Amino acid sequence: MKKKVLLTVFLSILLCGFGFSQGKFGLNISVGYANKASLGVADYGWDWTYRNAVTINENGMMSPDLSGSLMFGGEIFYFLSENFAIGLSIANAKQNVDVNADYSMYWQWYTGASSSESNYWTGTGSVRVTPLSLNLIYRLEMSSRTSVNLKIGAAYIMAKVDTTGDLGFAGALLYNKTYYVDYYRVPMELDESVNSFGGHFAVDLEQRISPKISLYLGAEYYYAKGKQLYWSTIPQSQLDGLLGQLVYNGTPDVGTITSEFKPSFFAINGGVKIYF
């Protein structure tokens, strides 16, 4: 009951206190630079023994590195009074991903003899982030032509993660009384859509150049909680051992490999505002 009363009071302030009769529609179009979102390291490792003859220790990681990118955006807004407005905005940024994959393998024979191998691979991909936000805007007039606008609101962030990587995977075999050890390069991919609710905070400095047109520079931050994403193997008919000892038919089961994706990012932008 108390929540309903508070909501009614809040809506009454918006509708009556601010006065819709004083409203003014506007549109802004922006371009800017979006700092990179975050895609975490995927690490893995196994220790195992084959026929009590050889013990193998292997481990590795896939380390994604995202780059910042251009961001394009737009917003429609409506001033409820001279200082308060509501706005609906959308933006889009596509960030490149470089994946550095390291792998190392150590094995020891029952005789005590041992050896090791290591390798390095790279993958590429992209992360596209599209935030949609509903904001409350407060305009602070600095002079007749200059103002500072503060925004706070709720955001719905839609993201698409699409990248490749590589994983190392060892194997052993006894054949004709001879033991063989080898390892394979297993192609991996991360292909997931992530949609999450969060927040949006922004500030801009606006300079009016005519009654209906302004230029502005601003900064904004989108926030949403992180989520674990699951890498999957890319199906193969055959994998050749990189030491030339073994061949693996099909695609190995590498278990669960995850990276944490955080869609939050910071951006700076500028553009034009048009009032109607």
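## Exercises on a predicted model

The side chain of Arg139 has a polar atom 3.0 Å from the backbone oxygen of Glu82; a polar contact is a pair of N or O atoms within 3.5 Å, where within protein one must be able to donate a hydrogen and the other to accept it, and residues adjacent in sequence count only if both atoms are side-chain atoms. This is a predicted model, in which local features need pLDDT of at least 70, side-chain atom pairs count only at pLDDT 80 or more, and totals for chains, interfaces and linings use all residues. Residues are numbered from 1 along each chain as its sequence is written, and side-chain values use heavy atoms, with hydrogens and water left out.

**Exercise 1.** Find which side chain makes a polar contact with that of His200, and describe the surroundings of His200.

*Solution.* 
- Locate His200 in strand 9, residues 178-210.
- Now look for the partner: the side chain of Ser133 makes a polar contact of 3.2 Å with that of His200.
- Beyond four places in sequence, His200 also touches residues including Asn135, Lys151, Glu220 and Tyr222.

**Exercise 2.** Work out how far apart the C-alpha atoms of Val272 and Tyr179 are, and describe Val272.

*Solution.* 
- Find Val272 in strand 16, residues 265-275.
- Its relative accessible area is 26%, so Val272 is partly exposed.
- Its contacts beyond four places in sequence include Leu27, Ile29, Ile213 and Tyr216.
- Tyr179 lies 93 residues away along the chain, with 71 Å between the two C-alpha atoms.

**Exercise 3.** Describe the overall build of the protein.

*Solution.* 
- Count the elements: one helix and 16 strands.
- Then compare sizes: the radius of gyration is 28 Å, well over the 19 Å from the globule rule for 276 residues, so the protein is more spread out than a compact globule. The radius is taken over C-alpha atoms, and the rule is 2.2 Å times the number of residues to the power 0.38.
- Last, the C-alpha trace spans about 90 × 50 × 30 Å along its principal axes.

Terms used
Helices (H or I, at least four residues) and strands (E, at least two) are DSSP runs, numbered from the N terminus. Contact means heavy atoms within 4.5 Å. Buried means under 20% relative accessible area, exposed over 50%, partly exposed in between (1.4 Å probe, protein chains only).
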